[in-house]
Amino acid sequence: MSPRSAPGLPSTHHALICVALPGLAISDEQGQLNGRGLEGFYRGGRRLLSRCQVRVAGREPLAVQGRMTAADQARFVGTLRASPTTGPDPDIVVERTRYADGTEHITLRNTGLRPLRLPVEVALGTDLADLGAIASGAAGPELPASVHDSGLRWTANGGGACVTADPPPADALASAGLLRWELDLPPGGTVSVELRVRPVGAGPLRSAGHAATSPLGLARAAGDDPRVSAWLRVAVDDLQALLLRDPAHPADTFLAAGAPWRCGMAPADALAAARMALPLGTRLAAGTLRTLARTQLRSPDARAGLIPGPLRDAGALLPPACTGTEATLLFPVLLAEARRWGLPEQETRELLPTAERCLAWLRTTVGDGTYLPDPQPAGPVRCETQAHGYRAALLGADLLDAYGRPGAAELRQWAEVLRSAFQREFWVEDRGGGRPAMALAPDGRPLPHLGSSAVHLLDTGLLGGGRLAQGLLDKVRTDQLARLLGGPAMDTGWGLRGLGAKEAGHNPFGHRTGALRVHETALAVAGLAAAGYEKEAGGLLRGLLEAAEHFGYRLPDMFAGEQRSGGSAPLPHPAACRPAATAAASAVLVLGAVAGIRPDVPTGTVTLRPLRSAPLGELGLTGLRVAGAPFAVRVTRMGLAMVEEAADALQLGV
C-alpha cells in the first residue's frame, strides 16, 4: 500500500512542512514535536527524530505563533513567565527556527529587568520509521537512546540517527532521552542552542535546490495585484525545495512530485512540471530528460521506447491509467519546446535519439489503427491520451524535420487521421451544444462524462515563430469546450473540478472524480488564453489566485471541488501534497500565459501575445530566462506587452 492510499491518512493541510529534499521537517503550528502523526525530521523518507520537546524551568512555553518563513524553514514563538514578580506579562520569549536540513535553533530572550538563571531541557525520541509505515499506522515504538558525542544516538535495522547540540549540554540522560542546560540570561539578553539531526555517519544535507548552480531562474513578479508577487515567490521557492539529483549523475536535477507523500521521481509529473517551468530556464528540462532517458526501455518488443511509469487511479469511471504512456509522449514535447526556449543544440542532439524512440513507440503502439490504445488489454481509448499523442506527433515531427531525421511525414499523416476521427467519434452531441467524451469504451461507445481531462485538448504545444500547433478540435468545438469550462458545472470559482458537478459519480473529494487539480486548471488558463478565450481564461486565473491566497500561496496539488460561495474558502484534500511540483509550476505557466511569451531561440526571436484584457492589471515579470539569458517583460493595464530585458541576439517576433 502506498502512503497516499493508506486508510485514515492524516491531513497535512495544517502541518508546516519544511522541504529541502531529501530532507523534510513536519510540525504542527505549536512547534513542539510530540511524536504524533507525521511530526518529525526526515531524510530520504525515514524519520530521524519524532519527538523534540522544549521545557524551560520545567514548563512548556505557551505557543503564540507558528508559520513558514521559507520553503525550507518555519519559525515558532512561545512565551512563559519565569519570575513570579513580573505580574501577568511573560518575561521569557522562546523562539525556535526549524530547517528541513535537520537543524533547529532555539533562542531564549529575557524581556524582563532581572537577570535569570534557567534550567532548559529538550526531550528527544525517535522510531526511525519509514514514511509509509507512519502513514499506515505501523511506525512502532520509540527506540532506546545512547549518549553520543554532545547529544544522543539511536540505531535500528542497520541505520541510525543522532542529535548533537551546540553548546554541549551540561547533562545527557539516555534513559529519559533528555539534554539539559543551565542558561544565564541578563536583562534584555539572549542565549541560543543549536540542535543538528543527522543520519549516523552522514554529513550536512546538500539539497539540490540550495546549490549555487540551481537550474531554476529566480523569477519575481510585481504589479497592480500584490498577491501575484507572493504567489510566484512561494512557487519558485517550492520548486527549488523539491529539486532532487540523479544519484548516479548528480549534475542532472529533476523535481520530486510533492511532499510529503511523493518525494521521489514520478516521470509524468516531473516532465509536466519541467515543461511548465520552462520560463525559468531549460536546465531543469535537460536534467529531467537525461534522467528519464536512462530509464527508457530498450527491450526488443512492443514496449521498446516506453519510459516506464506507475499506474494512476482514474476514479470509478475508468480503470487506472498508465503514467508511462503519458511520460513517453511528454518526452519529445518537452525536448521540442525546450529547444524553442533555448536548450543548447548539443544537448538537444544528445537527447534526440531518446525522443525518436518515444515517437517510434507511438507509431508501433498505434499500428494500423487510428487511436492510441490503453496498454491494458480491452482498455478504454482515453481522451487525454489522444491529446498527448497528437501533440507529441506534431511537435515530434517538427523536431525531426529540424535535424533532418526521417519519420516526420508519417507522424503528421497519423495526426491528421486522428484529428478527423476524434471529431467524428469522440464528440458527443447534446442539447447543450455537445462535449468531448471522456473515453471510448472497448466496444466504441463514447463515455460522455465531462471532466477536466478535456483541458489537454487545449494544450497544443509551441512550434516555431511563436505559432501554436493545431489542436484536435476545430473552432466550433473549441468554442463549445471553452464555454463548458467556464460554466458552473466545471468551474468551482477556485478552478476546474475533475468531473462535472452534474455527472454521475461526481465526488468533490474524488482524486479523479471531482477534486480540483491545480495543474489542470493552469493548463486550461494557458490553453484558453492562447486560443483567444480571454473571459474564460481570466475567470479561472482569478479563481486560482484567490485559492492560492487562502493556502498561503503554497497551493496543494489538489483540493476539494466544492462550489465557491460568499465567505467560503477552498476545502483542503486530506491526501494532497503541499508543496507539489505541478502546482508550484502552475504559477509560472499562468503568469507566462498572461504575458504571452512564445520564444523561438533557433530563429533568434521571441513573440509576445499578452491577454488584452489584462486580468491582473499591470504585471511585470523579471528573472525569467530565454536563450540562457535573463528575460523580463511587462504587461500594461491596456494589455500591451514589452520586453524589458533579453539576450542581445533576440529580436521581437511579429
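1. Two strands are taken to pair if DSSP finds at least two bridges between them. In this predicted model, β1 and strand β2 (residues 23-27) are joined by five bridges and run antiparallel. Within this pairing, Cys18 stands opposite Ala25 in β2.

2. The β1-β2 pairing belongs to an open sheet of four strands, ordered β1-β2-β4-β5, with antiparallel pairing. The edges are formed by β1 (16-20) and β5 (46-49), each of which pairs on one side only. From one strand to the next, the twist averages 25°. In general, the strands of a sheet pair through backbone hydrogen bonds, in either a parallel or an antiparallel manner.

3. On the cysteines, a disulfide is a covalent bond that links the sulfur atoms of two cysteines. With a cut-off of 2.5 Å between the sulfur atoms, the number of disulfides in the model is zero. Two cysteines illustrate this count, as set out below.

4. Cys263 is partly exposed, its relative accessible area being 26%.

5. For Cys322, the closest cysteine sulfur lies in Cys358, at 13 Å, and this distance is likewise too far for a bond. Is Cys322 buried or exposed? With a relative accessibility of 18%, Cys322 counts as buried, because the limit for that class is under 20%.

Methods:
Residues numbered from 1 in each chain as written. Predicted model: local features only at pLDDT ≥ 70, side-chain atom pairs only at ≥ 80, totals over all residues. Heavy atoms only, no water. Buried < 20%, exposed > 50% of the residue type's maximum accessible area, 1.4 Å probe, protein only. Helix = DSSP H or I, 4+ residues; strand = E, 2+ residues; numbered from the N terminus. Axes fitted to C-alpha atoms, helices over the stretch in contact; angles between N-to-C directions.
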